[in-house]
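This report describes one protein chain for a reader who is new to structural work. Please keep the sequence and the structure in view while reading.

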Amino acid sequence: TPQERAASIAAKLNLIIDNDYFNIDWLVIVESLNSTDIVYQDIIVMSVSKVDELWMERTQLELATEYLEIIKINILKRIEEKSLSKQLTRILFVIGISVLLYIFILLINRLYKKIKVALIEGSSLYNRLSINNYSFISKEYFNRIILLLIGFIKWSLYAILTYFYLVASFELYPSTRHLTNKLLQMVQIPLKNISIAFLNYLPNLIVILVIYFLFRLLIKGLRYLFKDIENEKLKIPGFYPDFATPSFKIIKILLYIFMIVLIYPYLPGSDSNIFKGASVFVGILFSIGSSSALSNIVAGLVITYMRSFRLNDRIKILDEEVAALNA
């Protein structure tokens, strides 16, 4: 196969180049009866056959001459890479990027310490989380979260710098260049897969956003409509003003449920068995746990729409009127 042929030629060239007495002028073309060979002393490096001649539509000698030039150019590059000056240049470059890595790590450490002190000592960010002097979390816990966050950013920067340092170092030496490709693939392949997945999902995401904003507009319009009914700006025969608020809340919940039903098929992984199983499980839990709550809701709806009680009605216990129903 072409791969086996290339591997055989590469192995022979490596054997020749590693010889201390290697002489590039000993690489010559030798024509024989059935092929034209590139030869180094008694080693046939490669042969150009009549099949190659037919496929490439050029003579064997022309092809062999072209291949010999390519081989010589790459051998000279290999020899240059092995030269003392080239080795010293590589060592100096590795030292230089190592010093740069060290400097960047020092800068990140100093910046990390300054940010940590500024965030912990400064109370403005913490105060923004407080509403009417009530805080959702304690200051100590808030500081721990901030320290974890900036610590994660610091170590992420360390990882990125180390990654680029290794890529640059491995690329310098021919024997480690295959590791460079592996390091690049470790990042490129996941990023490529994520990008392709996002682009493929983009049409579904647009549909979800369109559905969401349409329902938001519909709910906003209904809110204004029911507000006018409640304020008696709009009168509908048989539909009382005190029906407006509960009716709007019921319709809003039903619209949100309908919106979720429409969005569900466009969610990522919605067609997977795991997603379907989890949805069924949540539905069963909800139906079992909400049976008493649903009966109370139905009872409340019956009381509301039967108008058993109305706003400003007063409650009488024994001979005393207690309070007015004003909500």
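**The chain as a whole**

The model discussed here is predicted. Its protein chain contains ten helices and seven strands. Of the 327 residues in the chain, 19% are buried. The accessible surface of the chain amounts to about 24400 Å², and carbon and sulfur atoms account for 67% of that area.

**Helix α7**

Helix α7 covers residues 177-230, which is 54 residues. From its first C-alpha to its last, α7 reaches 75 Å, close to the 80 Å expected at 1.5 Å a residue. Where does α7 bend? The bend is at L202 and comes to about 45°, and a proline, P203, follows within four residues.

The buried residues of α7 are T180, L183, I208, I211, F215, I219, L222, F226 and I229. An α-helix has 3.6 residues a turn, so residues three or four places apart point the same way. After α7 comes E232, which has a positive phi, near 65°.

**Two salt bridges**

How many salt bridges does the count give? The count comes to two.

| D52 | R5 | 2.9 Å |

In the D52 and R5 salt bridge, the closest N and O atoms are 2.9 Å apart. D52 belongs to helix α2 (residues 50-56) and R5 to helix α1 (residues 2-17), so this pair ties together parts that are 47 residues apart in sequence. Is D52 buried or exposed? D52 counts as buried because its relative accessibility is 15%, which is under the 20% limit for buried residues. R5, by contrast, is partly exposed, with a relative accessible area of 38%.

E66 is partly exposed at 33% relative accessibility, and R58 is partly exposed at 32%.

M56 is located in helix α2. Its relative accessibility of 43% makes M56 partly exposed. Leaving aside residues up to four places away in sequence, M56 touches L63 and Y67.

Q60 lies in helix α3, which spans residues 60-82. Why does Q60 count as buried? Q60 is placed in that class because its relative accessibility is 10%. Beyond residues up to four places away in sequence, Q60 touches N34, S35, T36, V48, S49, K50 and E53.

**A nonpolar patch**

Which residues make the nonpolar surface patch of about 1000 Å²? The patch is made by L88, I91, L92, I95, V99, L100, Y102, I103, F104, L106 and L107. One of these residues, L100, is placed in helix α4, which runs over residues 84-121. L100 is partly exposed, as its relative accessible area is 46%.

Methods:
Residues numbered from 1 in each chain as written. Predicted model: local features only at pLDDT ≥ 70, side-chain atom pairs only at ≥ 80, totals over all residues. Heavy atoms only, no water. Helix = DSSP H or I, 4+ residues; strand = E, 2+ residues; numbered from the N terminus. Buried < 20%, exposed > 50% of the residue type's maximum accessible area, 1.4 Å probe, protein only. Contact = heavy atoms within 4.5 Å. Patch = residues over 30% accessible without salt bridge, like charges linked within 9 Å, V, L, I, M, F, W, Y side chains within 5 Å. Areas by Shrake-Rupley, 256 points an atom, 1.4 Å probe, with all protein chains shown as cover. Salt bridge = Lys/Arg side-chain N within 4 Å of Asp/Glu carboxyl O. Expected span 1.5 Å × (residues − 1). Bend = angle between axes of the 7 residues up to and from the residue.
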